[in-house]
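Dear colleague,

I am passing on the structure we spoke about, and my notes on it follow below. Please read them with the model open beside you.

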Amino acid sequence: MNVALLGLGTVGKGVYKVMKTQRPEMPQKLNTVLNLKKILVRHPEAHVKDVDDPSILTSDYSQIVDDPDIDIVIELIGGIEPACTYIRDALEAGKSVVTANKDLIAERGGELMEIAEENHAELRFEASVAGGIPIISPLKNSLSANEISEVMGIVNGTTNFILSKMTDEGMDYEQALREATALGYAEADPTADVEGYDAARKMAIMASIAFHSRVTFRDVYTEGITKITAQDIAYAKTLGWVIKLIGLATNGKEGIEVRVHPMLIPQAHPIATVKGSYNAVYVRGDAVGDVMFYGRGAGEMPTASAVMGDVFSVARHTVYHSQGTTRDNVYRKIPIRRIENTVSSYFLRMEVEDKPGVLATIASIFGNNSVSIEQVIQKDKIGTNAELVIITSPVRERHIRDALLIINSSSVVKRVASMIRVYIDQREGEIS
């Protein structure tokens, strides 16, 4: 069975290696052998040393899409275009496609799934979400008999590495980012990672599958980690919490909410123990209960593992003349809950005047806006002022925002330095 590979970057080279090492096992695993017939690269001459047979390199996509002997196309170019055009053309030619392209699947996955179904081809994208961690297939298959109510995860290794360094070694954000960059965990431009965009695309994909209702990148409320400070980390630790960049998708009475932002997680929660560049996805179903998937969320070989797992599945279906799970499982239209209607507890760190009555003033403002205080700590002095840390009870976001507008204009509050959401069990998150 002939395969074409689009792109020979980090993951592309990993796929090439896996195909070579797995070749002796293919007859037993697949009842066929996968032959890598073409590799599309922009400059073939630059990749001569990367392959055993340079004649398979090409810069002409027509040599792939117009070749009736090529059965499977692996897209590892990334981005929206030309990847979208390449995938669409391959599917329309009846070729199955395996991709790791989270940007494209988060934006136009539904459209491409329809094209795949119309042409009796498969479109698979396990590697688009969490590298080597299998999560798309379990959501579509193993957990399909469940009504999924929550998908929560650490789905970006760069930010988890940075926050782990800040937590375990007391680094500030900039110092941890420099180390992440030096070790290759962060790109030269880390914006997509540290601002949460990468994680938001992955959460859109998982939410669409878990809840059977289309969620796109634009539907995901997103905040990054650039404002998290060493003080926030230290206070959280004192209170028994860990700060992580969390992707949270829930399906409740008021609709779907999907958000990515820093969050305080209880130290006893399994997600809180995930450190370094590792990823984890925590799923709650009505039948299975709570399950967690953990492992390397990126990198050459873990991502290549997920890509080739999809390729093997397509190959088996082709050999045995059985069409795989090409049908899009999005069949509901559930409204997306706006961020101001979501419910969280909140960690607030503020600098206030160090005098009697300040806390009473703040508590009064909160009370007038339906916000209850659950915990208060006054620990550090900042000149003549005091630093106050407050954790609220669960409350709608719009109420905390209204309260903070008034607090920020209060003469006794010098500034609100941090507002970080605190994880609450979403089964307790439906309040008036």
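Which side chain meets that of Arg337 in a salt bridge? The partner is Glu254, with 3.4 Å from N to O, where a salt bridge is a side-chain nitrogen of Lys or Arg within 4 Å of a carboxyl oxygen of Asp or Glu. The pair links distant parts of the chain, 83 residues apart, since Arg337 sits in the loop between α13 (300–319) and β13 (343–353), while Glu254 sits in the loop between β9 (241–252) and β10 (255–266). Helices here are DSSP runs of H or I with at least four residues and strands are runs of E with at least two, both numbered from the N terminus.

Before going further, please note that this is a predicted model, in which local features need pLDDT of at least 70 and side-chain atom pairs count only at pLDDT 80 or more, whereas totals for chains, interfaces and linings use all residues. Residues are numbered from 1 along each chain as its sequence is written, and side-chain values use heavy atoms, with hydrogens and water left out.

Arg337 counts as buried because its relative accessibility is 8%, and Glu254, at 35%, is partly exposed; buried means under 20% relative accessible area, exposed over 50%, and partly exposed in between, with a 1.4 Å probe and protein chains only. Both residues belong to a network of salt bridges that also takes in Glu257, Arg259 and Arg396.

The count of salt bridges comes to 31. One of them joins Lys165 to Glu169 at 2.8 Å, N to O, and these two residues are separated by about one helical turn because they lie 4 residues apart in helix α8 (residues 157–169). Lys165 is buried at 15% relative accessibility, whereas Glu169 is partly exposed at 48%. In another salt bridge, that of Glu122 with Arg124, the closest N and O atoms are 2.9 Å apart, and both residues are buried.

In helix α12 (residues 230–238), the buried residues are Asp232, Ile233, Tyr235 and Ala236. Seen down the axis of α12, they fall within an arc of 170 degrees, and so they line one face of the helix; the arc is that of the directions from the helix axis to the C-beta atoms. Just after α12, Gly240 takes a positive phi of about 90 degrees.

Lastly, strands β11 (residues 278–285) and β12 (residues 289–296) run antiparallel and are joined by 8 bridges, two strands being paired if DSSP finds at least two bridges between them. A hairpin of 3 residues connects β11 to β12, and Asn279 has Gly295 in β12 as its bridge partner.
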